[in-house]
Amino acid sequence: MKTAAVHSLRCIAVDDEPIGLRIIESHAAKVPYLALVGSFLSATEALAYMQGHPVDLLFVDIQMPDLSGLELVRLLPEPVVVIFTTAHAGYALEGFEVAALDYLLKPISLSRFLQASSRALEKVTAQKRVNESVQGVAAAELFVKTGYDWSRVNLADLLYIEADDNYLTFVELSKQTLSRMSLSEVLAKLPVGEYLRIHKSYVIALTKVDKVERHQVSLGDKRLPVSASYRDDLLRRLAK
């Protein structure tokens, strides 16, 4: 197996014929957004690799000994964009039955390879945008346990979180919510980079900071203490 640096699309090639792999490697090297992170002569080796290494795109021959390209695709642990490569045009229908994006007939020309790769980039990019949109919606709110119930905390309105023993108070612009949990627990649930601990008892929303003084920070009409051990980190984060 050969490895390469990661760029926009992580891809691997699988073909039981070395010349088939060399062609894919040569073509992929000419496409700036492709990172060929692995080349395999065996479908079983490729499957083992993908079980521990996520990839975006798979170039795979259909007719191979032991495990065919079609069988490999059906065994994949996660959905991957698939482009089949084969010397036999008769496999095209079977390839599309497993939702292959494209089907390249050998010998594969660079122009045809570029066309298929461009389609793969468009598909992966579109899917990533959808995923980011879903994550953005999910990150806009947080549900916390309040007694026997669950309450919604709107992160867009959240000013800060105050800890008191084993309880947290989520202070929003128009309401407060009390929940039994630790600051460490809630920090693991909050969007990375948007909140910061400034004291053993306080986590603040960085976008709500109006002023930083020597020993305190202002969020609207609220003034909270800043521990010396957290002050430098706070200033660094606000300066970004």
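**Exercise 1. Which unit do β3, helix α3 and β4 make, and which strands flank β4?**

Step 1. Together, β3, helix α3 (residues 69-75) and β4 make a right-handed β-α-β unit. A crossover is right-handed if, with the strands pointing away from the viewer, the path from the first strand over the helix to the second runs clockwise. Helices (H or I, at least four residues) and strands (E, at least two) are DSSP runs, numbered from the N terminus.

A word on the model: it is predicted, with local features needing pLDDT of at least 70, side-chain atom pairs counting only at pLDDT 80 or more, and totals for chains, interfaces and linings using all residues. Residues are numbered from 1 along each chain as its sequence is written, and side-chain values use heavy atoms, without hydrogens and water.

Step 2. Strand β3 (residues 57-61) runs parallel to β4, joined by 5 bridges; L58 stands opposite V82. Two strands pair if DSSP finds at least two bridges between them.

Step 3. Strand β5 (residues 102-105) is also parallel to β4, with 4 bridges, and T86 has L105 as its bridge partner.

**Exercise 2. Is strand β4 buried or exposed?**

Step 1. Buried means under 20% relative accessible area, exposed over 50%, partly exposed in between (1.4 Å probe, protein chains only).

Step 2. V81, I83 and T85 point one way, V82, F84 and T86 the other, and all are buried.

Step 3. Since 6 of the 6 residues of β4 (residues 81-86) are buried, the strand is largely enclosed by the rest of the structure.

**Exercise 3. Where does D66 lie, and what is its phi?**

Step 1. Look in the loop between β3 and α3.

Step 2. Phi of D66 is near 70°, a positive value in a residue other than glycine.
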